[in-house]
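Q: I am new to reading protein structures. Please take me through one, feature by feature.

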Amino acid sequence: MRIISGLYKSRKIVAPKNLPVRPTTDMAKESLFNILNNLFYFDAISALDLFAGTGNISYEFASRGTTQITCVDQDYGCVKFINQTAETFNMPLQTIKSDVFKFLEKTTIQTNVIFADPPYNFSDEQFAKIPDLVFQNNLLLEDGLLIIEHSKHTNLSEIKHYSHSKNYGGNVFSFFKIA
């Protein structure tokens with residue numbers, strides 16, 4: 001994977017092969033950040049990366065100037081890799097090793113952008129639980145966005161607070177916001 005833009009543009013990051021991840025493709029990530037670039041000043045927002053995996057999305061936020069980034073993943077190897085990479089590049093990432101659903105039930109963090117990249121084989125109920133917890137617990141700041149990455153075989157359009165989706169090959173980003 002590579003960082004698309006910002007301070008660390010074109011830097012390649014190689015994750016260990018044994019991590020249980022499916023990183024967002026560079027094409028999809030670039031498209032997502034083009035959308036976000038038109039909505040936010042990266043140096044003026046905070047971000048929460050759920051199911052953070054390799055930290056791919058968090059590195060992009062950090063490279064573009066975001067200084068408040070929290071990464072949540074339940075896999076020790078993923079958290080360790082994110083911490084090592086953040087230290088190497090001096091990125092302001094805070095990592096939390098936790099089950100994402102338990103984290104969302106307890107956290108009081110409020111943020112501008114929440115990005116969730118859960119396993120593509122999640123059930124409809126598991127996918128729906130993410131926005132349910134985010135909006136029940138008031139985790140988005142005003143004009144904030146929740147973005148869930150999923151496969152083209154999953155449809156999240158019936159979930160409350162759904163706004164729209166963008167398709168990039170087999171990847172889909174569904175956007176949710178406060179009504």
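Q: In which sense do β1 and β4 pair, and over how many bridges?
A: Two strands count as paired if DSSP finds at least two bridges between them. Strand β1 (residues 46–50) and β4 pair in the parallel sense over four bridges. Within β4, Ala-116 is the bridge partner of Leu-50. Strands (E, at least two residues) and helices (H or I, at least four) are DSSP runs, numbered from the N terminus. This is a predicted model: local features need pLDDT of at least 70, side-chain atom pairs count only at pLDDT 80 or more, and totals for chains, interfaces and linings use all residues. Residues are numbered from 1 along each chain as its sequence is written, and side-chain values use heavy atoms, with hydrogens and water left out.

Q: How does β4 pair with β5?
A: β4 and β5 pair in the parallel sense, over five bridges. Phe-115 has Ile-147 of β5 as its bridge partner. The chain crosses from β4 through α5 to β5, and this β-α-β crossover is right-handed. Right-handed means that, with the strands pointing away from the viewer, the path from the first strand over the helix to the second runs clockwise.

Q: Is β4 buried or exposed?
A: Buried means under 20% relative accessible area, exposed over 50%, and partly exposed in between (1.4 Å probe, protein chains only). Six of the six residues of β4 are buried, so β4 is largely enclosed by the rest of the structure.

Q: How do I read helix α5?
A: Start with its span. The expected span is 1.5 Å times one less than the number of residues. Helix α5 (residues 124–136) has 13 residues and reaches 18 Å from its first C-alpha to its last, close to the 18 Å expected. Now look at burial. The buried residues of α5 include Phe-127, Ile-130 and Val-134. The buried residues of α5 pack against α4 (100–106), β4, β5 and β7, where contact means heavy atoms within 4.5 Å. After α5 comes Asn-138, whose phi is positive, near 55 degrees.

Q: Which residues have the most contacts inside the largest nonpolar core?
A: In soluble globular proteins, nonpolar side chains tend to be buried together. A nonpolar core is a set of buried Ala, Val, Leu, Ile, Met, Phe, Trp, Tyr and Cys residues joined through side-chain atoms within 4.5 Å. The largest here has 34 residues, and Leu-32, Leu-36, Phe-61, Met-91, Leu-93 and Ile-147 have the most contacts inside it. A second, separate core of 24 residues includes Phe-122, Phe-127, Val-134 and Leu-139.
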